[in-house]
Amino acid sequence: MNKTSSELFQQAKHIFPGGVNSPVRSFRSVGGVPPFIERGQGAWIYDVEKKAYIDYVLSYGPLILGHAHHAVVDAIVRTAQRGTSFGMPTPLAIQLAELIRSKLPSVEMLRFVNSGTEAVMSAIRLARAATGKTKVIKFEGCYHGHVDSLLVQAGSGVATLGLPDSPGVTSGTTADTLTAPYNDLDAVARLLDVHRHEVAAIIVEPVAGNMNFVPPIDGFLSGLRQQCDRSGALLIFDEVMTGFRVDLNGAQGLFGINPDLTTLGKVIGGGLPVGAFGGRADIMRHLAPLGKTYQAGTLSANPLAMAAGIATLQQLFQDGYFADIVKVGMKLDEGWRGAAASAGIPITVSRMGTMSGIHFQKDQPRNWTEVNRGDVDLFTRVFHSLLNQGIFLAPSSFEASFISSAHSESEIQQTIEAVTSAFAAQT
């Protein structure tokens, strides 16, 4: 007899810390047992007990074509039959890089790595090398992977578990990290006034997706660009989540801002582990073997991830393809708002492209402090009601939601009906 999710979770707890290989999967913040997933197809995932769920997590963003898209699967199979890793250059890496550069003009040169965390870690090292400065400004609630120096006011997974800014990270490691509230240019200016000749870079999620979903206010990103230009700091856009999600040209294209460096991941790997960092050629040339800044990776640009990324972006870049996904997402937003209004429950729903957020509070939050005013208990009750009805949201009120090209009007209607039922049960 096949084991249930509950039985597998108990077994996993003896093998993995908390029973999982990434903390938010543990359901610690919402309670209950995480479903153990057996397979996915299109907009759906299926657990070991054969229960089906409409998936709005999509592996936390990468699966913009949905699960097991035929073009991606075919590309992976064809590539695997020729070899999975060589530790040498391949034509596939050039092809994927050119697809990325075709939509992100600020990325003159790039390098592939294996995760978003690795991309950010490398970009920070590069920024310090290129500027000769040491300090970095980040924003409260923005998560840039589990890089030691950036686990300060990190939002998302750290907040979900109610952890301090991670034990094991030394004060010396974070001494060069300065923090400011998101959407607060005055706070950035004050930090630069004090540390003007020490700041190597300002790193920002141009649309914050790790405190649920918080868009930049008018002038925030352009203001950061201006402050970097005045101070000599580099502007790093962390587009691991937003790249090819909020717009085909990334958040930088959507808002018309050219960062000096960009970090990428998720969508560009089509569901396989991947990351990338790139930007101005004069900065990138500081990397070995051209420069003295060292960075390397055994599986970087491995053929499987490159092939999956190429197949994903080729599909996504077809005329009208991205716009069609957005239209479906907007219908879902209308459903959330209508259900909440009928039940008298205050929520805010915001969207950019194929990425969105639902805050259980009256007004759209602008920063980490305001995000924390949301009704977490209400979210938890709604989450479990939806899960029981076969709708899978991220098990945390601090995570954004995603939609794919596989989500049809049928799945959207089913979701809206479930949301309406979940809200009605709260009144």
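Author: The model is a predicted one. In it, strand E12 (residues 355-359) and E14 pair in the antiparallel sense over 2 bridges.

Reader: What makes E12 and E14 a pair of strands?

Author: Pairing requires at least two bridges between the strands. Ser-356 stands opposite Ser-401 in E14.

Reader: In which order do the strands of this sheet lie?

Author: The order is E11-E12-E14, an open sheet of 3 strands with antiparallel pairing.

Reader: Why are E11 and E14 said to stand at the edges?

Author: Strand E11 (348-352) and strand E14 (401-402) each have a single partner strand, so one side of each lacks a neighbour in the sheet. Helix H12 packs on the sheet and touches E11 and E12. The direction of H12 makes about 175° with that of E11.

Reader: How do you know that the length of H15 agrees with that of a helix?

Author: H15 (residues 409-424) has 16 residues, and at 1.5 Å a residue it should span 22 Å. Its end C-alpha atoms are 22 Å apart, which agrees.

Reader: Why are the buried residues of H15 said to line one face?

Author: Seen down the axis of H15, the buried residues fall within an arc of 165°, so they line one face of the helix. Among them are Ile-412, Ile-416, Val-419 and Phe-423. On the other side, Glu-409 and Ser-410 are exposed, that is, over 50% in relative accessible area.

Reader: What do the buried residues of H15 pack against?

Author: Their partners are strands E2 (44-47), E3 (52-55) and E13 (391-392), together with helices H12 (321-343) and H14 (376-388).

Conventions: Residues numbered from 1 in each chain as written. Predicted model: local features only at pLDDT ≥ 70, side-chain atom pairs only at ≥ 80, totals over all residues. Heavy atoms only, no water. Helix = DSSP H or I, 4+ residues; strand = E, 2+ residues; numbered from the N terminus. Expected span 1.5 Å × (residues − 1). Buried < 20%, exposed > 50% of the residue type's maximum accessible area, 1.4 Å probe, protein only. Arc of directions from axis to C-beta. Contact = heavy atoms within 4.5 Å. Axes fitted to C-alpha atoms, helices over the stretch in contact; angles between N-to-C directions.
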